[in-house]
Amino acid sequence: QPGDRVMDMSAAPGGKTSYIAQLMRNKGVVIANDLKPERQKATVANLHRLGVRNAVTCCYDGRKIGAQMRNSFDRILLDAPCSGLGVISRDPSVKVQRTIPDVKRCAHLQKELLVAAIDALNHKSKKGGGYMVYSTCSVAVAENEEVVNYLLSKRDVKIVDAGLDFGTL
């Protein structure tokens, strides 16, 4: 919504960030964070090319954002780094490059990022409380359902129906 304070925790290369800014009509602020400065070059270029005027880019470790920016955001998007097991049809090499330890490492990182994101949300937001979207491009239960269940056991949060039909024909 226009006027919101929004964070995209894993923003590079900026496609989702620019879409959020568009939905906000360049009003409010979008923090476009990514751990790797070299990836943020593409974010800055895309935001500039698309005329986004309400975004700030930064390169923080997302696992520390909850402590550094506690209760700061109305909305957070965490499209988490993952194993990529959901894109095998586009990139068959994922099938032979990813191992079970890779998936476990990703799941551990996702849990840390998700808890930090919740801590950065402002649950008293005038916009109806803080809302967060968590997504991955993996189909692994360890990176999706298990990560969400972990969060539900660590923080007083609830899952909200997004109103999207999925898993049905």
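This is a predicted model: local features need pLDDT of at least 70, side-chain atom pairs count only at pLDDT 80 or more; totals for chains, interfaces and linings use all residues.
Take Cys-59, which is in no disulfide: the nearest cysteine sulfur belongs to Cys-58 and is 6.8 Å away.

What about Cys-106? Its closest cysteine sulfur is that of Cys-82, and at 6.5 Å the two are too far apart for a bond. For a pair to count, the sulfurs would have to be within 2.5 Å. Cys-106 has 17% relative accessibility, so this residue counts as buried.

Let's go inside now. As a general point, nonpolar side chains in soluble globular proteins tend to be buried together. Here, the largest nonpolar core has 21 residues. Which residues have the most contacts inside it? They are Met-7, Met-9, Phe-73, Ile-76 and Leu-78. The largest share comes from H5, with seven residues.

Please click on Phe-73 for a moment. Setting aside its neighbours within four places in sequence, Phe-73 is in contact with Arg-5, Val-6, Met-7, Ile-31, Ala-120, Leu-121 and Asn-122. There is also a second, separate core, made of eight residues, and among them are Ile-20, Ala-21, Leu-47 and Leu-77.

On to the sheet. In what order do the five strands run? The order is E3-E2-E1-E4-E5, in an open sheet with parallel pairing. At the edges sit strand E3, residues 55-58, and strand E5, residues 131-135, each of which pairs on one side only. On average, and ignoring direction, neighbouring strands are turned by 15 degrees against each other.

Let me zoom in on one pair. Strand E1, residues 5-8, pairs with strand E2, residues 29-33, in the parallel sense over four bridges. Within that pair, Asp-8 has Ala-32 of E2 as its bridge partner.

Last stop, the loops on either side of H1. Where is the cis peptide bond? It joins Ala-12 and Pro-13, with omega at about 10 degrees. Pro-13 lies in the loop between E1 and H1.

Then, in the loop between H1 and E2, we come to Arg-25. Phi of Arg-25 is near 55 degrees, a positive value in a residue other than glycine. Asn-26 is found in the loop between H1 and E2 too, and its phi is near 60 degrees, again positive in a residue other than glycine. Are these two residues buried or exposed? Arg-25 is exposed, with a relative accessible area of 59%, while Asn-26, at 21%, is partly exposed.

Key
Residues are numbered from 1 along each chain as its sequence is written. Side-chain values use heavy atoms; hydrogens and water are left out. Buried means under 20% relative accessible area, exposed over 50%, partly exposed in between (1.4 Å probe, protein chains only). A nonpolar core is a set of buried Ala, Val, Leu, Ile, Met, Phe, Trp, Tyr and Cys residues joined through side-chain atoms within 4.5 Å. Helices (H or I, at least four residues) and strands (E, at least two) are DSSP runs, numbered from the N terminus. Contact means heavy atoms within 4.5 Å. Two strands pair if DSSP finds at least two bridges between them. Axes are lines fitted to C-alpha atoms, for helices over the stretch in contact, and angles run from 0 to 180 degrees between N-to-C directions.
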